[in-house]
Amino acid sequence: MFKRKSVYLFPALVLLFLSLVTTASTVGTRAEAQSGDKSQELTVYIHALKSKDGHTVMTADQIEWYEGAEADRIFAEREPDAAAELGGTPDGYYIVNDSDSLTSYPIADNAAVTMQIYDHTGHMEDLDINWNEHISLDKFISEFAKTGIIDLSQSPYHITIQAGKVTSIVQQYTP
């Protein structure tokens with residue numbers, strides 16, 4: 001009986017060992033490959049977009065963005081009375097902004113911009129969500145300057161920074 005168990009145990013141990021070796025080498029290879037191409041993702045409120053000498057700079061306030069169960073947990077920690085009354089976050093997300101410090105980020109000329117909602121026509125009745133609409137950086141700068149129908153500075157944005165420049169700006173829709 002002991003012999004029979006060891007017959008099954010040995011192949012299982014070999015497979016486990018091989019999978020650990022493969023996983024460890026794969027992770028190391030990925031880490032080495034990415035070390036030269038580090039990117040950073042942040043969520044921010046954009047305060048200003050300024051272009052000067054052919055370069056655009058974003059001034060932004062970094063925030064923490066939470067969704068789902070994690071948002072409910074943070075909401076309950078920070079606002080226990082409201083969380084108890086509501087049973088969770090009102091809209092499924094929670095924003096933490098404990099610092100008012102602003103940081104300037106240079107924007108790459110070819111930065112990708114993805115919007116959810118902005119003023120397409122100048123008429124409030126035409127305002128509608130267009131999920132993941134890609135627009136040019138120049139269009140974004142132009143739309144950001146408008147505040148009549150919708151103020152885009154009130155939306156959070158997920159930005160990606162690579163090689164010291166913002167390469168992606170994604171507007172986070174908030175109901």
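1. Ile107 lies in strand β4, which covers residues 103-115, and in this predicted model its relative accessible area is 3%. Because buried means under 20% relative accessible area, Ile107 counts as buried.

2. Which residues does Ile107 contact, leaving aside its neighbours within four places in sequence? They are Leu49, Thr56, Val57, Met58, Leu137, Val166 and Ile169. For a sense of how the chain folds back here, the C-alpha atoms of Ile107 and Thr160 are separated by 10.0 Å, although these two residues are 53 places apart along the chain.

3. Met58 is one of the contacts of Ile107, and, with neighbours within four places again left aside, Met58 is itself in contact with Val44, Ile46, Ala48, Leu49, Thr103, Ser104, Tyr105, Ile107, Ile159, Val166 and Ile169.

4. The largest nonpolar core holds 25 residues, and the members that touch the most others are Ile46, Met58, Phe140, Tyr157, Ile159 and Ile169. At least two residues of this core come from each of β1 (39-52), β2 (55-67), β4, α4 (137-145), β6 (156-162) and β7 (165-171), while β4 gives the most, with five residues. As general background, nonpolar side chains tend to be buried together in soluble globular proteins.

5. In helix α4, the buried residues are Leu137, Phe140, Ile141, Glu143 and Phe144. What do these buried residues of α4 pack against? Their partners are β1, β2, β4, β5 (133-135), β6 and β7, and Leu137 in particular is among the contacts of Ile107.

Definitions and conventions:
Residues numbered from 1 in each chain as written. Predicted model: local features only at pLDDT ≥ 70, side-chain atom pairs only at ≥ 80, totals over all residues. Heavy atoms only, no water. Helix = DSSP H or I, 4+ residues; strand = E, 2+ residues; numbered from the N terminus. Buried < 20%, exposed > 50% of the residue type's maximum accessible area, 1.4 Å probe, protein only. Contact = heavy atoms within 4.5 Å. Core = buried A, V, L, I, M, F, W, Y, C linked by side-chain atoms within 4.5 Å.
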